[in-house]
Amino acid sequence: MLEKIKDMLAEVEALQAKNAEEIESLRIKYLSKKGLITSLMADFRNVPAEQKKEVGMKINELKNRALEKINELRETFGTDDKDECIIDITRTAYPVALGTRHPLSIVKNEIIDIFARLGFSLAEGPEVEDDWHVFSSMNFAEDHPARDMQDTFFVEAHPDIILRTHTSSVQSRVMEKQQPPVRIICPGRVYRNEAVSARAHCFFHQVEGLYVDEDVSFTDLKQVLLLFAREMFGEDTQIRLRPSYFPFTEPSAEMDVSCTLCKGQGCSMCKGSGWLEILGCGMVHPNVLELNGIDSTKYKGYAFGMGIERIANLKYQVKDLRMFSENDVRFLKEFEAAN
């Protein structure tokens with residue numbers, strides 16, 4: 001074995017090549033997985049134990065020298081003009097088209113920024129959820145229509161695993177881990193089993209907010225929403241709250257803002273009423289607090305939720321919801337100035 005290594009080392013020292021192709025052939029001959037040096041290393045197991053140390057050192061020396069020799073030959077041809085990449089630095093650069101943020105991202109970031117300035121922190125959660133966090137912890141009755149297949153996407157193999165229908169599940173996850181004060185904003189994608197049309201989609205985006213602490217009142221909620229509406233739609237924006245019903249809030253309300261197009265005078269966009277509905281809100285139901293491990297006799301809270309597509313529609317007058325998910329570059333380019 002030692003004599004074989006010595007002869008191969010002499011071969012390596014005498015290696016010559018005329019071009020890069022010959023160098024690559026030599027590399028394959030000696031250093032590839034099926035090369036001569038690799039074969040020597042495979043035969044190493046047959047070497048007597050008393051010679052293994054010496055033979056192992058000689059094989060390593062041979063391999064290292066072969067690598068050095070191949071690299072030396074490569075350097076010989078490394079300055080060939082034909083292999084150089086010539087770049088004309090005086091040539092005008094190709095124009096690079098810059099992308100734009102999606103209109104829903106623009107609106108979502110604006111909403112988050114407004115509530116961040118009001119002291120709300122960002123919270124996120126999984127889109128594939130369980131029944132408890134989406135429905136049961138939010139005070140939904142067992143026979144509530146939202147649990148039906150018409151509204152909810154269920155994972156077939158696991159009947160209790162669903163695609164979340166609202167981001168209230170994030171509120172539940174935060175409350176079960178954190179005692180008040182809790183002040184969070186929860187943006188995210190949600191899913192509902194609905195027919196896709198200009199006015200509805202099987203997935204859309206929500207932003208929900210939650211504030212739980214001692215001595216929280218409906219007045220606090222109204223003031224926060226008024227500040228939000230005026231930051232989003234302008235200082236002259238007015239709001240009104242109409243009684244409504246949600247399982248997770250009591251009392252509950254729908255909030256309208258004065259029409260962004262006609263300023264409350266009445267037009268086709270607001271159907272002559274002067275008002276546009278943008279969100280639902282209310283005081284957190286005591287059952288929700290208790291179900292999520294918070295003492296409802298000590299703490300109170302308010303919650304609100306809005307569709308990002310709805311806010312984007314009002315802000316940019318986009319009449320077809322499908323435009324937001326079709327990735328039409330012509331549509332997206334209209335929002336370059338909003339970035």
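Leaving aside its neighbours within four places in sequence, which residues is Ile111 in contact with? Contact here means heavy atoms within 4.5 Å. The answer is Val207, Phe228, Met232, Met306 and Ile311.

Before I continue, a word on the source. This is a predicted model, in which local features need pLDDT of at least 70 and side-chain atom pairs count only at pLDDT 80 or more, while totals for chains, interfaces and linings use all residues. Residues are numbered from 1 along each chain as its sequence is written, and side-chain values use heavy atoms, with hydrogens and water left out.

Ile111 belongs to the largest nonpolar core, which has 45 residues. Such a core is a set of buried Ala, Val, Leu, Ile, Met, Phe, Trp, Tyr and Cys residues joined through side-chain atoms within 4.5 Å; buried means under 20% relative accessible area, exposed over 50%, and partly exposed in between, with a 1.4 Å probe and protein chains only. Among the residues with the most contacts inside this core are also Phe115, Phe228 and Tyr302. Elements supplying at least two of its residues include helix H5 (103-117), helix H8 (218-233) and strand S10 (300-307). Helices (H or I, at least four residues) and strands (E, at least two) are DSSP runs, numbered from the N terminus. H8 provides the largest share of the core, eight residues. Another core, of 23 residues, lies apart from it and includes Val134 and Ala303.

I turn to the sheet. Seven strands form an open sheet in the order S1-S5-S6-S10-S9-S8-S7, with mixed pairing. Strand S1 (121-122) and strand S7 (239-246) stand at the edges with a single partner strand each, so one side of each has no neighbour in the sheet. Two strands pair if DSSP finds at least two bridges between them. S1 and S5 are joined in the parallel sense over two bridges, and Ser121 stands opposite Ile184 in S5.

Next, the second largest pocket. Its lining includes His102, Lys108, Glu124, Arg164 and His205. H5 gives the most to this lining, with three residues. H5 and strand S5 (182-191) are the elements that give two or more residues to it.

Finally, consider Asn313, in helix H10. Is Asn313 buried or exposed? Asn313 is buried, with a relative accessible area of 15%. Leaving aside neighbours within four places in sequence, Asn313 is in contact with Met269, Val318, Leu321 and Phe324.

For the pocket, the definition remains: on a 1 Å grid over the protein atoms alone, a pocket is an open set of points where a 1.4 Å probe fits, with protein on both sides within 12 Å along at least five of seven lines, and lining residues have an atom within 4 Å of a point.
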